[in-house]
Amino acid sequence: MLTTMVAGPGPTYYMDGTSHAHAVDMMHQQQLVSGGGGGVPPRATQPSQQPQQTTNGASSSNSSSPSANGTQSNSSANSVDGGGHQQQQHHHHHQQYTPPPMAQGPPPPYCHPEYYTGEAYYPGPPPEYCHHPHPPSPHLCAVHGVAAPGPASVRMVSTNSSPPIPLPVQVPPGHVVQQIVDETGTLRHVILSAQPVPMPMCPYGPNAGQGPPQFYGPPPGPPPQGYVQPYQPPPQYPPVMSPPLAQPSPPPVYSQKSERHVRQYDKPRNKYYQRQQHTHHNKSGSSSLHSTPPLSPKKEPPARKNEGEEEVQTEDGEDPRNSLQHLLSQVKPPKVIDVTPNEAVIQWSSPDLSSQPDDIPVSELLYEVFLNNNLYMSIPATQLTINGLKPATEYRVHLQCLCGGVRGDSSGVAVFLTHSTVPDAPQLPRMIQKSKTSLQFRWGPVKENGSRVTAFILELCGNNGEWSEVFRGRGKQHTVTKLQPQTRYRVRLAAVNEHGKSEYSPEAIAYTSGVVPSQPAPPVLEQASVTSLSLGWTKRPMEETYTLQMEDSLNGYGFRPVYNGRDTRVTCPGLRRNADYKFRLCAHNDEGTSPFSDITCYPTLPDRPKPPSAPTVKGRPKSTKLTLVWSPPSDNGGSRITGYRLEIDRDSGFECIYTGEGTETDCTELSPGKSYRVRVLCESLGGISDWSEVASVSTEAVCPGICQPPRLLGKPKASLLQLKWGNPEFDGGAPVTEFRIDMTSPNNERRQVYCGRDLECTVASLLPGRPYIFMVCGVNRMGPGQWSEPLEVVSGAGPPDAPHAPHLACRSPYSVHLAWEEPINNGAGIDQYNVQIAEVSCPHAESSESSSTCGDLESDLTFTSAYTGSALTTEVRNLAPATTYAFRVCCSNSAGVGPWSSHATVTTPAAPPAPVAYISSSPAATAVTLLWGEPANHGDPITHYVIEVGDKTVTTPGPETEYALNDLQPETLYRLRIQAVNSVGPGSFSGIHKVTTRALPPAPPTIELVKASYNSLKLKWGDGRNLDMLTYSLQMEFTNPHNGTREFYQVYNGTNQNYKVVRLEENTEYHLRICASNEAGIGPYSAVAHLSTTKAPPPPLKAPRITESPEGNHIVEWCSVRCPGEDSILYRLQVLQAGKDQDYYVVYTGDETSYALTGLEPHTGYYVRVCGVRVCGDGETMAGAYSSPALFNTPKPAPVMTTKTAANTTQEAGLQWHNLSDQQKAAAILVVFSLFCAVAAIGLHHFLAPDNGRLSSPWMQELA
């Protein structure tokens, strides 16, 4: 690519001289003249005001550039060096250049057209940049050739490197610089004298000889000073080169290529680089291909170099990148080494890079493979497999070699043709017409894949699941006949050519025509809700779609369709709650619509009711009773409220206290002065409502309850004592505010000795040794409660001390003996002792005789009274074995009750297990399975069980609670009981459990053959009476279609003792067996019975048809029939003369289907009938049923012409009725009957009409 950029005083013009989609087969010339002024750029065909950025490997142009449709342009711009001189930058690209099309029309106004002939490209500046005559200036116009002395620096820029490298060149005064791009891509600069010397011209490759060559020379018109006349290119170029150029290069050798050849290779490259340019613009942030490209980046002017550094070239004056491009362009066309219908393998050789100065490894090479002018793939290998090709298609492939940023020319084109193959799978065959016994299909053409389709194969699959070929030919339509009505068939299609058969098309489903569906059953309700009903029905074979209609009695529209489709279940939403809806159903198929089913009615469910109002107290609350009322819910959900449920919370959770239909109830057994939470819900057919809001109600308080009797606190003194009491068990619903203590003196004087909130007091001023009685009561806001039980105490004496822990001894697992010592009585004799017992698990009580304590466990034990008396010993019975018990004792005297002793513990020894309480059994005919509950083991694990069955004893192997008793007698009653055993000994037997074994299953009956035909076997078994109501299962042996084995399948199951097996094959042996079953189970099968069907007689024939031949004979014809198998068929023809013969006689026996009757009597009726006779292979004959008889009359003989008398004429006139045919007689009778009916109607009208004046027509009045 060569790009010239010249800066001027005005706008900058760009002219792109190449396109990446074209090959460079031309020599580019640009003439520059040194001077102090700036050079003028050549004029583009369509100049643009926006600059274009050109990068390595891609060329960009603005939206107005004609390069999109094949027109190429040159891009140039001016730049000014550091010395104020304008420099021309040349962008060089290592690609072959295809010349742009020549400009059409007249030249620009500033160039005279007489200097150019034919098609030419007119470069030159716009009129505002170059005006004639030129003003005196020390420069030479690059277009019009105005010369001026003085050196000029021309800067050339190569676009092959990134960033571009400027190459300055010094031009001597009065000379011009000519740039030449030779065949190898090397840019050469030729310095020419400013004298009028001929300008060399370059042939342009494929455009050579097609018009005047393109050149950059002075414009037409009067040649200015320094104008160079064009002339034909000489054999060599002897220009004067600038100092960096050592010697001129020889003229380039151009390859002559046809225009078609160039255009063929330019198409893939053009598409490829347009995609690269599009990708580059997208990456750079361009939003559209038509957007204005960004300005070229600003390039800093390079520093001036010495004369020896003006141009970077090799020793021979060539650019090394151009040499590499030349080597990459020598790649040979690819070779096709293998071709299949869908793939091709191509191979090529790497270019020879040995002459390149720098060693470039082959691994850095990249090959772009183009298939049909489209880039297929870029790979570094020299072999490629192209996939996804079309069979029998011609393809063209070529490649380009890349190394780094250098791209070679396109190689030659390799053309190959893929092989043909089997056709593609056809499309789905389409059914275009059907009947009850035929289906017509049509299909379209298929893709042949290079070989002509020789035939289409149509296959059909019926209910048997086997595919059969029904058509083979080149036609695209076929009708399949002899099918079953209302039957589902599957069809598929395949195409065949010389390579074989294609894959089958998708299967098409088709149905033959049938009959109109019968009346369906009414729809069944599957699920009902508040607003919807789900209905379902059973699909029958001849039904395709359904219509469900619903009637709402409130809207008055009658039955309206709510569903139409193939489903057998539908949900009708949006219904009213607790309402009845009527439904009916009809079925459809291709033949029509069935009658509607019977009307059925289903209701929707009612909705849940809303919660009722919160309960409230009615009237004044009482201490133990409240009357609660509530209101019904605002919405009952569409149904009547059936009941209410009231619950109350007594601090232990809500519990139900009322259920019923009323809205008022009394709550009793309440505690006084306590608050309760209550709630209520309601029930209806729609369900249970939510709970109402929880309401809080309270009862009225009462006086406190009775307090415990006061007790002495400490030992009473001679004159004082201390009393202590507790709160009452019931405070009456209000807190106790004070306690009152009354004392009764020995002289029966009662007085209050204390009133306050404390629970103890000291009573003084007592007489020593005198008895006193004390009582206590509590007081709340309702008043004082009842007095407690009196406490009698004698002053000066105290209760006895606590005794020592009792001594314990186990007498048995169920009893313990206790003994204790008498404590100190504290001045008064001990009256009695109180012993209490508590069950505890004490880890220290390891011995049954232990009497030690287990610590302070009173807070964890619950003691109960075991003994009260004055003795110092006692025995506690009815204890549990292997259980730890704690005992304590206290004593009392006249002063009071002493404290409790420390408790002692003892563990009772283990005992035999308890008896089994629960037994269940599952009997069979000879076995019984027992299951029982595990009893208490009494401290020792159960090792096994003993089962007593009558006189027999069975021991279980372990402690399992399930055991099976075998070898029992059927229908026998057994009495059994179970005993548990542990290491201590056996426990007690359980209660007697009775169980009866079941009966044995029944024995199989014997199968007897009643009657055998060619397609059925009539069987019976038993004596005809089934008194035991046995169920029989009859099975017959068939071949399993999946694995081919012979297996028995059930053909009958019921209580009958006879059955007819139908749909059998003739002359075939069948194997059958039978078993009986009852409540006892299924019995064994009988021996297999081998039964055979008979041979089938020929089917009956239709009535024969009789025709009369011209010779006077009567030909009898009948239809042929076929018999099963390969047996032959004969026909037997019989004749009966009407009114004469009593029986038919045989007139013909043979295999023909017609026979000529001769020798018949004239004017006589005959009956004929025919039957088929099957001739079996063993010589046996079987005659079938005769056809219906056919009657025919023989013609009467020709009449004899004789002279008749008048009497005979009268006789013949009377006999003419007998000579009429049957049709004539019927017509005469019909006419007479019609006349009689008309006369009868007129007569009836006359006698029955009330008014004769009503006769509308005159002829009726006349008849009347």
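Welcome to a predicted model, in which local features need pLDDT of at least 70 and side-chain atom pairs count only at pLDDT 80 or more, while totals for chains, interfaces and linings use all residues. Residues are numbered from 1 along each chain as its sequence is written, and side-chain values use heavy atoms, with hydrogens and water left out.

**The whole chain**

- The chain has five helices and 80 strands; these are DSSP runs numbered from the N terminus, with helices being H or I of at least four residues and strands being E of at least two.
- Of its 1264 residues, 42% are buried (under 20% relative accessible area; exposed is over 50% and partly exposed lies in between, with a 1.4 Å probe and protein chains only).
- Among contacts with a separation of 6 or more, 67% link residues 24 or more positions apart; a contact means heavy atoms within 4.5 Å.

**The nonpolar cores**

- A nonpolar core is a set of buried Ala, Val, Leu, Ile, Met, Phe, Trp, Tyr and Cys residues joined through side-chain atoms within 4.5 Å.
- The largest one holds 25 residues, and L328, W348 and F416 touch the most other members.
- Elements that each supply at least two residues of this core include α2 (320-328), β10 (344-347) and β11 (365-371).
- Strand β14 gives the largest share of this core, five residues.
- Leaving aside residues up to four places away in sequence, L328 touches P351, L353, L365, C401, L402, C403, V406 and G408.
- There is also a second, separate core of 18 residues, and V816, V835, L879 and C891 are among them.

**A three-stranded sheet**

- Strands β49, β50 and β53 form an open sheet in the order β49-β50-β53, with antiparallel pairing; two strands pair if DSSP finds at least two bridges between them.
- At the edges are β49 (807-812) and β53 (873-876), each pairing on one side only.
- Five bridges join β49 to β50 (residues 815-819), and H807 stands opposite A819 in β50.

**A loop residue to look at: E343**

- E343 sits in the loop between β9 (335-339) and β10.
- With a relative accessible area of 36%, E343 is partly exposed.
- Although E343 and L389 are 46 residues apart in sequence, they are 5.8 Å apart in space, C-alpha to C-alpha.
- Not counting residues up to four places away in sequence, E343 touches D338, T385, I386, N387 and L389.
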